[in-house]
Amino acid sequence: MKIAVMGAGYVGLVTAACFADLGVDVACVDTDAAKVARLRKGQIPIYEPGLDLLVQQALANERLHFTDDAAEAIAGRSIVFIAVGTPPAEDGSADLGYVLSAARSIGAAMDDFTVVVDKSTVPVGTADHVGDAIRSALAVRGANPGFAVVSNPEFLKEGAAIADFMRPDRVVLGLPAGPDGQRARALLDELYAPLTRNHHRTLYMDVRSAELTKYAANAMLATRISFMNELANLADAVGADIEAVRQGIGSDSRIGYDFLYAGTGYGGSCFPKDIRALRDTGRQYGVTLDVVAAVEDANARQKTVLTRKIVARLGEDLDGRHFALWGLAFKPNTDDMRDAPSRDIVRALLERGATVTAYDPAAMDEARHAFAHDLADRPALLDRLGYADSADAALAWADALVIVTEWKVFRTPHFGKLRAALRQPLVFDGRNLYAPHRMQAEGIEYHAIGRAADRAG
């Protein structure tokens, strides 16, 4: 089978590489010629464990081809995935410009019946717009080879995307009614057969239900995160331990443990923009989504929780204070800085007069770009932000350590060296990496999220 993938971003590149690894002939197209040139050499523009090796193997086996020529990529391909970006517009809605541009390119190049698969996260009703764009392009050519627009949302976790793709919980296919939909189903069943061989994982539904499923899934996960963060704040206020609470509710089989860890709020490429886009969809249809709105508001407040703890301990004026900061990416095993809580925390510290030395195992380059953008209105603040080559090096002359991302490398530090490196043994942990009683025994003052009871004991 031959397929094409429009877009060599996070979703497109993972999709293309994984299908190629399964023996499919994949053409991956991107409008960025410089990116395409690097990809042809096996150079990956994002950090995702294992993806570089997968791409390099597929290139060597000649099952994966990169191009900036859409017509070249689409010609002769029975299935074309649209996996381009849907960045948020100023009003929170999803910008479909890249999606519709890809659709027009498909209509201009397809030469036989084609299954057009929306892999990008898109609002309900997008398949209709994609179909209109394809028909318009076909009309210009005077052609009518036939096509079906399918919704096939992705459920990939950054840092574990390859495993998620190869061993999916489910494959959601939103199919149009009629013969074209059945033809599309047959082709996609053949494509996904290696992933559903052990047991049937495919969920068939109508296109709009599939489009909404993606947003609903991310909104549910974001809700769990914000719910636990609010409970952690309450735990601090009443003298409870959020870790005990998490175990108490997570052991309930109806609830489970996933996404119940308190912290500094969610970030990344999915949850923030998808929550905003879901709220916008509600507004368009006159439906008030109060729970979704509360999730977004709670997350915005949670991004300030670590700063509030620092100010409560050291005062509002942090002039002359120097902080070591571990973790910049929004989560471990990625270099993604989009909506990362570290961006809010670092800016808040710098604006209060502090200096910061930061370290992240993967996101240093992305962080430099992110903070240059964030602080463009106050470039002098950039002079107070530095970067270290290691976690230990970041500690030099720091008044306190601030932990923002739960990388494994941060989980088992040498506490004696940590205490000795800091001007005062003071740690603000936004991810609850350590046991408060252990920190007390090590002689380190420890401020975590929702651990008041354990800290007091």
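Visitor: Before anything else, what counts as a disulfide here?

Guide: A disulfide is a pair of cysteine sulfur atoms within 2.5 Å, and since this is a predicted model, that cut-off is applied to predicted positions.

Visitor: How many disulfides does that rule give?

Guide: The count comes to zero disulfides.

Visitor: Changing topic, which residues touch the most other members in the largest nonpolar core?

Guide: That core has 61 residues, and those touching the most other members are Phe323, Leu325, Trp326, Leu401, Leu418, Val427 and Tyr434. There is also a second, separate core of 45 residues, which includes Val5, Leu13, Phe66 and Leu156. As a general background, nonpolar side chains tend to be buried together in soluble globular proteins.

Visitor: Take Leu418, what does it touch?

Guide: Leaving aside residues up to four places away in sequence, Leu418 touches Trp326, Leu395, Leu401, Val427 and Ile444. Of these, Trp326, Leu401 and Val427 are also named among the core residues that touch the most other members.

Visitor: Which residues line it, the largest cavity?

Guide: The lining of the largest cavity is made by Asp118, Ser120, Thr121, Val122, Ser151, Pro153, Glu211 and Lys214. By class, this lining divides into two nonpolar, three polar and three charged residues.

Visitor: And the second largest pocket, what volume does it have?

Guide: The second largest pocket has a volume of about 190 Å³, and its lining consists of Gly125, Ala127, Asp128, Gly131, Arg135, Phe147, Ala148, Val149, Pro176, Val207, Arg208 and Glu211. Two or more lining residues come from each of helix 6 (126-141), strand 6 (147-151) and helix 9 (207-238).

Visitor: Which element gives the largest share?

Guide: Helix 6 does, with four residues of the lining. Sorted by class, the lining of the second largest pocket has six nonpolar, two polar and four charged residues. Glu211 is worth a look on the model, as it is listed both in the lining of the largest cavity and in that of the second largest pocket.

Visitor: Val149 is in that lining too; is it buried or exposed?

Guide: Val149, which lies in strand 6, is buried because its relative accessible area is 9%, and buried means under 20%.

Visitor: What does Val149 touch?

Guide: Not counting residues up to four places away in sequence, Val149 touches Val116, Asp118, Ala127, Val130, Gly131, Ile134, Gly174, Pro176 and Val207. Among them, Ala127, Gly131, Pro176 and Val207 are also listed in the lining of the second largest pocket, while Asp118 is listed in the lining of the largest cavity.

Visitor: Helix 9 came up as well, so where is Val238 and is it buried or exposed?

Guide: Val238 is in helix 9 and counts as exposed, at 58% relative accessibility.

Visitor: Backbone now: which phi value does Asn333 have?

Guide: Asn333 has a positive phi of about 65° although it is not a glycine, and it sits in the loop between strand 9 (322-326) and helix 14 (341-351). Asn333 is partly exposed, at a relative accessible area of 31%.

Visitor: And Asp339, where is that one found?

Guide: Asp339 is also found in the loop between strand 9 and helix 14, and its phi, near 55°, is again positive in a residue other than glycine. With a relative accessible area of 30%, Asp339 is partly exposed.

Visitor: Last one, how far apart are Gln57 and Ala20 in space?

Guide: Their C-alpha atoms are 9.1 Å apart, although Gln57 and Ala20 are 37 residues apart in sequence. Gln57 lies in helix 3 (residues 51-60) and is partly exposed, at 37% relative accessibility.

Technical notes:
Residues numbered from 1 in each chain as written. Predicted model: local features only at pLDDT ≥ 70, side-chain atom pairs only at ≥ 80, totals over all residues. Heavy atoms only, no water. 1 Å grid on protein atoms, 1.4 Å probe; cavity = no way out; pocket = protein on both sides within 12 Å on 5 of 7 lines; lining within 4 Å. Nonpolar A, V, L, I, M, F, W, Y, C, P; charged D, E, K, R; others polar. Core = buried A, V, L, I, M, F, W, Y, C linked by side-chain atoms within 4.5 Å. Buried < 20%, exposed > 50% of the residue type's maximum accessible area, 1.4 Å probe, protein only. Contact = heavy atoms within 4.5 Å. Points joined across faces, edges and corners; volume = space filled by probe spheres on them.
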